[in-house]
Amino acid sequence: MKLIYRIFQKIMFIFVLFFKFREPIKLKNKEELLEVIIKKNKQRILLLSGNHMKDTAYYKNLKEYLEQKLTVFVNTTVPSDPDITTINKIVDEAKENKIDLIIGIGGGSTMDATKIVSASLTNKKPISKMKGMLKIKKKPLDFILIPTTAGTGSECTVAAVISDKENNLKYAVNDPKLIPEYALLDPLTLESVSPFFTSTTGLDALTHAVEAYIGKSNTKKTKKEAKEAIQLIFDNLYEAATTNDLIYKEQMMLASYKAGLAITKAYVGYVHAISHSIAAYHHYSHGYLNAILLPRVLKEYGKSIYRKIGKLTKELGYIEMDASNEEATNHFINMIEQLNSDLNIKSNLDIKFTSDNIDEMIKHCKNEVKFFYPVPCYLSDKTLKKLYNTIGK
Ligand SMILES: [Fe+2]
C-alpha cells in the first residue's frame, strides 16, 4: 500500500509543479485595504472574526475606518475550532445581507472559516462534500484575510481545517481557490496577542517550515521558503513573545507567511496529522499540540531526516560544519526543546489517553497521512502508540 501512496504523492507533486498557485498580494495597512475594496467596486462588506477580536483596539479602529466609506456588517461568532454548523449560520446571514466581500480578521480559525464561508456562498454543495482536494468548483466570493497571529500561515495556503462535531471529525478542505487575492500583514495586529499564544502559534509556523523541509515533495523554492522561515523563527520568536518590540513581531509575521507558502506545495506531515487527531477529541490549541509533538516526531523519524536536517542545521550555523548529520539533527531537535522550555510551553498534556481513544486517533492520523502527506518515512502503529502515550501525563 505504501508504494501506492508514494506513487499518488509523486503524481500530485508533478501536477503541482505545473500548477500555478497565486501568492496573495500583501497589503501593509488599512488605507491600502480600503483602496483595494473601492477599486473592486465592493460595497457590502462582512467583517468576520471571533468574539474576542471585537474589543481589540486594532479591530475597532479598522471597523470605524471602513464604515466611513462602506456598509460594514459584523459577525463575531467564529469559534476557536470552526465547525460546519456555525459556518452554515454565517453563510445564511451573509446571503440575507447580500454581502459582496468578506474580510476575515483573526487567527487560523477565523481565516479558515472565512475561506469556507466564501466558498459556500458561490458553490451549491454542503461543506462535507468539499473535504479533500480540489472539490471547490466555482471561485469563492471575494475575501481578504488579516492574520492577527503569526503562525498558521492560512492567509496564503490552499487549506482550511473544519470540524464536524457530530461525527468527531476534523478535516481539511484543500483547493488553490482558497488562496485569497489579498492579505493584510500588519504587525500592529499582534500587539494584543498573549505571550503564550504568540509562542505556540510561532511553534506552529516552525512546524510548517520543518515538515515542508523534510517532506518528499519539495521544490527549490519551497526549501528556500522553509529554510528562511526556520531561521526567522529561531531569531525572533522568543523576543516576539516576551517583548512588545514590533520589529520581532513583524519578522514572525513574515516567517509565518513564508512557512505558509512552503506548505502550500510541500505539505505537512505526522505532527499535523497527530495534532488534528488529538484536537478532534480533546480541545487543545493547534499550536500547543504541534509545539509538544514536533521534537518527539522528529526523533521518531530517525535516520530518514538526518541528511536534510543535518545539512540545514550546519548551513544555518547552528553547529560546526564537521559535525555528523546525526549529531546536527539531534542538536536541531534540542534547539526546539530549548525554545519550548524558554517559552514556558509544558511538554506534556494534562490528560492521559485511554487505549480505545489512542486506537481511534491512530486511525484518524493514518487516514490523513497516507495519500496526502509526503512524509520522510511511514511510522508504525507501535511508534504512533508510543507517541500518543508519551504526550499524555
Ligand atoms: Fe499548522
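Two strands are taken to pair if DSSP finds at least two bridges between them. Helices (H or I, at least four residues) and strands (E, at least two) are DSSP runs, numbered from the N terminus. The model is predicted: local features need pLDDT of at least 70, side-chain atom pairs count only at pLDDT 80 or more, and totals for chains, interfaces and linings use all residues. Residue numbers start from 1 along each chain as its sequence is written.

Three strands form an open sheet in the order β5-β8-β7, with mixed pairing. The edges are β5 (132-133) and β7 (159-164); each has a single partner strand, so one side of each is left without a neighbour in the sheet. Strand β8 (residues 169-174) pairs with β5 in the parallel sense, over two bridges. Asparagine 174 in β8 stands opposite methionine 133.

The domain assignment, automatic or from a database, gives domain 1 (20-189) and domain 2 (194-391). Their centres, taken over C-alpha atoms, are separated by 26 Å. Domain 1 brings 20 residues to the contact and domain 2 brings 27 residues. Contact here means C-beta atoms, placed from the backbone, within 7 Å. On the side of domain 1 that touches domain 2, seven residues are nonpolar, nine polar and four charged. Ala, Val, Leu, Ile, Met, Phe, Trp, Tyr, Cys and Pro count as nonpolar, Asp, Glu, Lys and Arg as charged, and the others, Gly among them, as polar.

Helix α1 (residues 2-18) contains lysine 10.

How values were computed. Contact = placed C-beta atoms within 7 Å.
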